[in-house]
Amino acid sequence: RYPRVRRCCAEQLYIKLVEDPSILSFVDITEQQEQQQNIDKVISLLSEVPWDQELGPPENVRASRNLIADYLAIPLSETERDGPSSSNNQNNSPHIDEFRSYASLVHEAGR
């Protein structure tokens, strides 16, 4: 719903993980090695995925986001994983205005 915010957050997370991957806590050596592999996968996803595209098919940004959450052990509810139901997400206009969602975010944040 907020493609510019997604892109900016992905960029900031990428920068932080590249600068200081130790921001994630490690418990033991085995877990540290596994976590480092996960961080490498996250960095790869963050740099490859077009975060300002649509969440669902065909770009499947949501699937990439879910993978990152899994790699970083961030729990997501089923609603967060699957997104809103398709019956609630129907749009009568075939044209999608990318600025409408951003304007909505700005409006909601200003309340």
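1. Basis. In this predicted model, local features need pLDDT of at least 70 and side-chain atom pairs count only at pLDDT 80 or more, while totals for chains, interfaces and linings use all residues. Residues are numbered from 1 along each chain as its sequence is written, and side-chain values use heavy atoms, with hydrogens and water left out.

2. Fold. The protein has five helices and zero strands, and along the sequence the pattern reads α-α-α-α-α. Helices (H or I, at least four residues) and strands (E, at least two) are DSSP runs, numbered from the N terminus. Of the contacts with a separation of 6 or more, 48% are between residues 24 or more positions apart; contact means heavy atoms within 4.5 Å.

3. Of the 111 residues, 23% count as buried. Buried means under 20% relative accessible area, exposed over 50%, and partly exposed in between (1.4 Å probe, protein chains only).

4. Core. The largest nonpolar core has 13 residues. Such a core is a set of buried Ala, Val, Leu, Ile, Met, Phe, Trp, Tyr and Cys residues joined through side-chain atoms within 4.5 Å. Those with the most contacts inside the core are L17, V42, L46, V49, W51, V61 and I68. Helix 1, helix 2 (29-48) and helix 3 each supply at least two of the core residues, and helix 2 gives the most, with five. In soluble globular proteins, nonpolar side chains tend to be buried together.

5. L46. Not counting residues up to four places away in sequence, L46 touches A10, L13, Y14, L17, W51 and I68. Of these partners, L17, W51 and I68 are also listed among the core residues with the most contacts.

6. Second largest pocket. About 340 Å³ of space lies in this pocket. A pocket is an open set of points on a 1 Å grid over the protein atoms alone, where a 1.4 Å probe fits, with protein on both sides within 12 Å along at least five of seven lines; lining residues have an atom within 4 Å of a point. Grid points are joined across faces, edges and corners, and the volume is the space filled by probe spheres set on the points.

7. Pocket lining. The lining has 15 residues, with R6, C9, A10, W51 and R65 nearest the centre of the pocket. Helix 1 (3-19) and helix 3 (61-71) each supply at least two lining residues; the largest share, five residues, comes from helix 1. By class, the lining has 12 nonpolar, no polar and three charged residues. Here Ala, Val, Leu, Ile, Met, Phe, Trp, Tyr, Cys and Pro count as nonpolar, Asp, Glu, Lys and Arg as charged, and the others, Gly among them, as polar.

8. Helix 3 and N66. The buried residues of helix 3 are V61, R62, S64, N66, I68 and A69. N66 counts as buried because its relative accessibility is 10%. Leaving aside neighbours within four places in sequence, N66 is in contact with L76, E80 and R81.

9. A73. This residue lies in the loop between helix 3 and helix 4 (78-82). Just after helix 3, A73 takes a positive phi of about 60°, in a residue other than glycine. A73 is exposed, since its relative accessible area is 65%.

10. L24. In the loop between helix 1 and helix 2, L24 is partly exposed, with a relative accessible area of 21%. Beyond four places in sequence, L24 touches L17, Q35, I39 and L72. The C-alpha atoms of L24 and Q35 are separated by 8.5 Å, and the two residues are 11 apart along the chain.

11. D40. In helix 2, D40 counts as partly exposed at 44% relative accessibility. D40 and Y71 are 31 residues apart in sequence and 9.7 Å apart in space, C-alpha to C-alpha.

12. S104. This residue is found in helix 5 (residues 98-109). S104 touches R1 and Y2, not counting residues up to four places away in sequence. S104 and R1 are 103 residues apart in sequence, with 9.4 Å from C-alpha to C-alpha.
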